[in-house]
Amino acid sequence: MEAVLEGLAQALTPATLAFVLFGVVLGIAVGAIPGLSSPMAIAIAVPLTFYMSPLAAIAFLLGVNKGGEFGGSISAILLNTPGTPEAAATALDGHPLARQGKAGKALKTALYSSVAGDTFSDVVLILVAAPLAVIALKMGPPELLGVLIFAFTFVTALLGRSMIKGLIAAVLGVLLSMVGIDPEAAIPRLTFDVLELEDGLSFAGVAIGLLAFSEVVLQIERSHLRESGAGDGMVSFSHSREDNAFTRGDFRQVRGTVARSAVIGTVVGAIPGLGTSLAGFLGYGAAMKASRHPEEFGKGRLEGVAATEAANSAVVGSNLIPLLTLGIPGNVAAALLAGAFLIHGITPGPMIFRDHAVLVYGMFGCLIVANVMNLLVGSVGLRVFALAVRAPRSVVMPSVALLCITGSFVAGGGLFAVATMMVFGILGYLMRKLDFSIIAFILGFILGPMVERSLRHTVILLDDAQALLGHPFLILMLALSAVAVFWLGRRPRRGLGQ
Amino acid sequence: MKWNMPAVARRVAIGLCALAGISVFAGPALAAAYPDKPITMLVGFRAGGGVDTVGRLIARHMEQTFGQPVVATAKAGAGGGVLAAALAKAKPDGYTIGIAVTSTWSFNPVFAKKKRYGVDDATLLASIARAQCAIFVAAKSPYKSLQDAFAAAKGGEALSASSPAPPATFLLRHLAGRNGVKLRVVNVKGTPAVIQQILGGHVDLGWSGGHHIPYLRKGEVRVIAATDDRRLNAPSKDVPTLKEMGYKISFCGAYIMAAPKGLPGDVKSRLDAALKAAIGSEPVQTFIERRKLAGNYQGSEALTAEVRAEAAAWAKVKAGLKK
């Protein structure tokens, strides 16, 4: 109990609060800027934190992480250019809302959903970290495979207007994710003797290119052709109060969705290896399946924004469950946090609650503080973002292009990632033109290697089909996937715009 | 702010030369005054990890020594291979140096499908710190030694292992091969995943470069072999090394600094001295201690000999696998 109070006291010192605030502001900024993401900011900040106190360092990095989850939605909504890959599904409904003049409403929904999801998962972390960690430990390769196959089935909602085109995009994503050293045989595949390709196509390069740079290319074309659609994609803030407010009616409309997504995000975050983007996609898919108006998704449905943002933000807290209790980071951001712990001589893992109890409770305090700050900074920030959108395209787009280049350079580890980013920017442009779902591609690119790894591990570890009987969880997941396919196939597919 | 004497002297010399209108002859004098422009330190692994962090700490210290910026630049990929290939092509003038790990030069070139560089294409300058490499099992595992595990496999038990890096995978397969048993090795991304598979009971053996230590202290895992050519630090001092068990192979990683081959003697000696001071400095040593690595400064000669020997041993392993 003493440690709890001591930790909270440390979390509330002006210095720690200042670092959290600084982290949240930085996180929102890098999240909002296409081409920069919070893991990237964390990666750059980790060596800097060597000179800080451990709690200040962790508080700062958590602030960056949380701010970034909301920040990604800003450019997704206003520019149709997700600031981070996990906000890709936010653009589906967020941007149409913005075009209808409801940018203010969409942004507020994103902010409140994000903070709500985050807070829920923090509370889960603080209260029930230990039992959840035990479950995470039991997830062996066969169990993980089951979860992934089910996830893959469930996110078909994101395939786009045409099932065939969606599948082609997803399969292309899977194919290109296979570039690099074969994870089991250690033999290069699809690398064409290019050394830089041995680590695979950099995810930063691919995601930034497809999501952000392709929009730049599209805008260049539009202004060059002076099409009537040159102002297309421009959004304006309506002057009507209703369009900018988050009303009681809106709250009633999205509260169920936020709750569902918060749970999905928390569960996904607690299982190592699934990641933030998948949580966002799953949250969106589940909201669409549950909705009475699935046909309106993609055309500016508030639930679409709420579902994605609540789910991807809920990952941030629960990701710390396997990290703090087992020392196993669940995704890139958590792995970088683990690195930050290590350079302060603290090994995340089973011993941390005993050896560094004050730090852990201080960190829990910081998590909640960061949520409050996220809400405050976000609310104030909304006015600033409104200004940013009024900046002329001729200023915004070159800035975005520059950030795409620097972002892929930093996160992808060199110039090769910049080249990758540009190639995928052009691919993304073609996909947008031909109406292939970019999100389906990214989904394939993210899930492909995960499925491959767990499938191959399962095959290596199990002797024959009979050994599958020892893994009832996998069988359950496969059965659920089969039911989902049947269910999805039976109902007429509804269109979904990008 | 300390005055950097050579730099001051150089500036004075350049000023005098310029006054006398003989600046054309300043060339040789400049070469003697290495470094007179920023140095680029290529980092072979992604931002935020151990190599990147220690590289930046060393760069900061070298800046103080040289009075010139030392710019850490990302050149990540292929286990340091992208960096090594770049270094092999760079000018040996001391303005391009790099940081990676031993296996970048000892393991990667041997198993590469197409050889782009080898130990001889680089000047290995210094080693910084060594990992604590071990094979371990869950505390509740029946295997008390590596021999136990292989004996059980001979008796028909299915034996599996989890590895975070290709060299460790080859090492484990080689050990099983020498014992004539089948070992199912799964390759995971990162050591934390090895820990998860061990603690969750999904595999029997795990390899790690030190991530197992906190779990060892808590009594959740048991170390059964040191895979380095020397004994581990406490608390695993009594665990035998593979060599002591009669195997002719060892594997462990160390962070090392390198430069292109053909470095001029005077440049190399300045780099050697600056690196020795940087590695011995307080921030770097604190980092090593906090990361639970072993301090392991080695100069150019000892390091090169060691990496060469490792490369030769891997070549033998490769030949053995082909049979």
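Predicted model: local features only at pLDDT ≥ 70, side-chain atom pairs only at ≥ 80, totals over all residues.
User: How do you know what span to expect for helix α8 of chain B, and what does the helix reach?
Analyst: The expected span is 1.5 Å times one less than the number of residues. Helix α8 of chain B, residues 166-178, has 13 residues, and its reach of 18 Å from first C-alpha to last is close to the 18 Å expected.

User: Which residues of α8(B) are buried?
Analyst: Among them are Pro167(B), Phe170(B), Leu171(B), Leu172(B) and His174(B).

User: Why is Val128(A) called partly exposed?
Analyst: Its relative accessible area is 34%, and since buried means under 20% and exposed over 50%, Val128(A) therefore falls in between and is called partly exposed.

User: What makes the nonpolar surface patch, and where in chain A does Val128(A) lie?
Analyst: The patch, of about 580 Å², is made by Val123(A), Ile126(A), Leu127(A), Val128(A), Ile368(A), Val372(A) and Leu376(A).

User: Which residues have the most contacts inside the largest nonpolar core?
Analyst: In this core of 198 residues, they are Ile58(B), Met62(B), Trp105(B) and Ile128(B), while helix α4 of chain A, residues 54-79, gives the most to the core, with 14 residues. A second, separate core of 51 residues includes Ala88(A), Phe424(A), Met431(A) and Val451(A).

Key. Residues numbered from 1 in each chain as written. Chains lettered and ligands numbered in written order. Heavy atoms only, no water. Helix = DSSP H or I, 4+ residues; strand = E, 2+ residues; numbered from the N terminus. Buried < 20%, exposed > 50% of the residue type's maximum accessible area, 1.4 Å probe, protein only. Core = buried A, V, L, I, M, F, W, Y, C linked by side-chain atoms within 4.5 Å. Patch = residues over 30% accessible without salt bridge, like charges linked within 9 Å, V, L, I, M, F, W, Y side chains within 5 Å. Areas by Shrake-Rupley, 256 points an atom, 1.4 Å probe, with all protein chains shown as cover. Salt bridge = Lys/Arg side-chain N within 4 Å of Asp/Glu carboxyl O.
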